[in-house]
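Here is a short briefing on one protein model and its ligand. Look at the ligand site, then at the charged pairs.

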Amino acid sequence: MTKEISFIDLGLSEEILNALNDLGFTKPSPIQAECIPLLLEGNDVLGMAQTGSGKTAAFSIPFLMNIDVNLKAPQLLVLAPTRELAIQVADACAEYSKYVKGVKVLALYGGQRYDVQLRALKQGPQIVVGTPGRLLDHLNRKTLDLSNLKGLVLDEADEMLRMGFIDDVESIMATIPEEHQTALFSATMPAPIRRITKRFMHNPKEVQIKGTKQTAPDIDQSYWLVRGMRKNEAIVRFLEAEDFDAAIIFVRTKTATLEVAEVLEKHGYSCAALNGDMTQQLREQTLDRLRNGRLDILIATDVAARGLDVERISLVINYDITLDSESYVHRIGRTGRAGRAGRAILFVDSRERRLLKNIEQTIKKPIPEVALPSKELLEKRRLAKFTQQVQQQLESADLEQYQTLLEQIQAESGTDLETIATALLRLAQRDRPLILPPDPVFKPAREYRDRDGRNGERRLRGDNRESPKRRERRDVGEMDMYRIEIGKENGVEVRHIVGAIANEADISSRYIGNIKLYETYSTVELPKGMPKDILKHFERVRVLNQPMKMSLVAGKSSEGKRGRKSNQPESDDKGFAKKRGRPTAPKF
Ligand code: ADP
Ligand code: MG
């Protein structure tokens with residue numbers, strides 16, 4: 001298509017070329033190559049391009065070229081939808097103009113003290129970047145004088161519309177003196193934005209950059225259909241299975257930011273919540289910590305994360321799906337910054353499939369489904385990591401002292417070194433076991449209660465219709481996985497196990513989940529929170545004349561147990577009764 005254009009071809013000043021060189025910008029991005037000449041020629045510009053395409057330099061550089069440094073008054077005004085974006089754009093402008101003597105850039109946003117802002121305005125910045133609300137305040141108070149304005153930029157106009165700032169934007173535009181050049185950038189062109197361009201812009205030149213390889217961030221997307229495991233358990237698996245630098249996890253509510261942060265902290269991740277309750281100062285501190293690597297994961301709401309640009313982010317997890325597909329596009333745009341590859345995973349609840357379809361329509365391509373990272377995969381990764389750690393120890397010089405200890409241990413235990421090493425291996429794996437319990441069987445929990453099949457596959461094939469009432473209860477029916485010490489080699493069949501459990505525990509077979517048979521043992525799913533005494537009872541229950549020796553395998557139990565420790569009431573909330581040591585069927 002077009003031949004390669006360099007920044008020099010665009011006729012930029014020495015000072016700006018040097019600044020771009022310092023930043024490592026070797027050549028203009030497509031939107032820059034098109035917008036810079038148009039703006040330098042004095043046109044109004046209407047730019048459509050995705051995030052990460054380099055819009056900031058596209059609009060700020062040409063205006064910077066025309067700034068009169070001797071005039072200490074705002075000459076370029078940039079409207080940005082959020083504080084974060086305003087700061088980012090202001091920082092970028094300062095970077096691009098760092099060799100241009102006498103240029104001052106100021107960011108004005110809500111939440112900052114007026115006296116601080118007034119003092120800064122008195123210093124005569126030529127470039128002002130701000131959020132619509134605060135800018136309008138300053139205009140109304142007559143503390144911002146725009147009589148010398150040469151350029152006005154609306155950055156991420158559609159975002160301003162979505163955030164409800166469009167009236168403020170119109171008011172600002174109506175207040176500003178006629179004589180100036182306007183540039184408007186938006187990823188999409190909804191009607192109200194079109195209207196603004198008609199009303200306030202003069203024969204704007206349109207620049208539309210299609211998502212080519214260069215501009216569209218390279219984001220590898222997939223979705224996981226939530227089943228078999230809760231989202232806050234699954235997320236730990238996904239994080240462990242992915243190689244990422246920094247990650248951002250999107251949730252729907254403020255409370256969820258805290259909850260998920262707690263879960264991840266427990267698993268040893270350095271993470272923090274980012275939500276609207278935080279002061280601007282704390283928010284900025286948090287982002288700085290993410291930038292400099294003291295934090296690896298942010299758990300954020302959409303509003304809190306708007307415009308966030310941290311190059312380290314290479315993974316976005318949509319823990320809660322977005323209700324509108326544009327937000328999804330914005331979310332995943334937090335990765336793949338500056339042309340780097342990014343990865344996005346979306347959790348989709350089965351009743352949210354329609355939202356997934358909407359997203360696929362918006363991005364005009366299907367999103368492939370991924371499976372939950374399996375026990376095998378996690379074990380492989382853990383072992384690889386562990387082996388690497390062992391290797392490091394082997395290479396370190398001070399093993400001699402430990403050798404003596406080993407001899408002592410051997411003398412005392414009277415076993416061979418290999419067995420001792422095996423025991424040490426088992427001991428060393430505490431937080432992240434090298435051997436994991438079998439994977440839970442993936443099947444929608446609701447089906448389990450709806451049907452009376454004994455066979456998981458039959459249940460899976462069930463239709464997806466469900467009454468609203470059932471939907472509400474769906475999250476209550478969690479299952480735990482148990483292991484019994486009878487397997488194929490004992491000639492056991494599914495019906496034997498169902499029969500034994502149903503009879504002995506007086507649990508209707510419809511409350512028994514998937515059963516899997518292995519050589520020497522089997523696994524069976526039962527309603528979550530089985531009281532200890534019932535479990536004890538099962539230890540003695542016999543199948544094919546052999547004791548089952550049932551034990552809990554799925555890690556889910558801890559939460560269940562904590563809620564109902566010792567001194568239990570006669571019957572707990574899952575309906576397990578303990579009268580005469582004879583349990584009755586759970587009443588859901
Ligand atoms: P947008 O506003 O379109 O989302 P930005 O202006 O924030 O994009 O730029 C996205 C990233 O790309 C920034 O990190 C920026 O420094 C970088 N960038 C911009 N232009 C270039 C360029 N010509 N060469 C290399 N990197 C660039
Ligand atoms: Mg931008």
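A backbone N or O atom of Ser53 lies 3.1 Å from an oxygen atom of ligand 1. The model is predicted. The structure holds 24 salt bridges.

**Ligand site**
- Ligand 1 is surrounded by 17 residues, and the closest are Lys27, Gln32, Gly52, Lys55 and Thr56.
- The side chain of Gln32 places an N or O atom 2.8 Å from a nitrogen atom of ligand 1.
- A polar backbone atom of Gly54 is 3.1 Å from an oxygen atom of ligand 1.
- Taken alone, ligand 1 exposes 570 Å², and the protein buries 82% of that.
- The shell around ligand 1 has eight polar, five charged and four nonpolar residues.
- Domain 1 (8-208) and domain 2 (219-373) each give at least three residues to this shell.

- Side chains of opposite charge can pair when their charged atoms come close.
- Glu206 and Arg194 meet in a salt bridge through their side chains (3.2 Å, N to O).
- Glu206 lies in strand S7 and Arg194 in helix H9, so the pair ties together parts twelve residues apart in sequence.
- Glu206 is partly exposed at 49% relative accessible area, and Arg194 is partly exposed at 28%.
- Asp320 forms a salt bridge with Lys231, with the closest N and O atoms 2.8 Å apart.
- Asp320 lies in the loop between strand S12 and helix H14, and Lys231 in helix H10, so this pair ties together parts 89 residues apart in sequence.
- Asp320 counts as buried at 11% relative accessibility, and Lys231 is buried at 16%.

Terms used: Residues are numbered from 1 along each chain as its sequence is written. Chains are lettered from A and ligands numbered from 1 in the order in which they are written. This is a predicted model: local features need pLDDT of at least 70, side-chain atom pairs count only at pLDDT 80 or more; totals for chains, interfaces and linings use all residues. Side-chain values use heavy atoms; hydrogens and water are left out. A residue is near a molecule or strand if one of its heavy atoms lies within 4 Å of it. A polar contact is a pair of N or O atoms within 3.5 Å; within protein, one must be able to donate a hydrogen and the other to accept it, and residues adjacent in sequence count only if both atoms are side-chain atoms. Accessible areas come from the Shrake-Rupley method with a 1.4 Å probe; for residues, only the protein chains shown count as cover. Ala, Val, Leu, Ile, Met, Phe, Trp, Tyr, Cys and Pro count as nonpolar, Asp, Glu, Lys and Arg as charged, and the others, Gly among them, as polar. Domain bounds come from an automatic or database domain assignment. A salt bridge is a side-chain nitrogen of Lys or Arg within 4 Å of a carboxyl oxygen of Asp or Glu. Helices (H or I, at least four residues) and strands (E, at least two) are DSSP runs, numbered from the N terminus. Buried means under 20% relative accessible area, exposed over 50%, partly exposed in between (1.4 Å probe, protein chains only).
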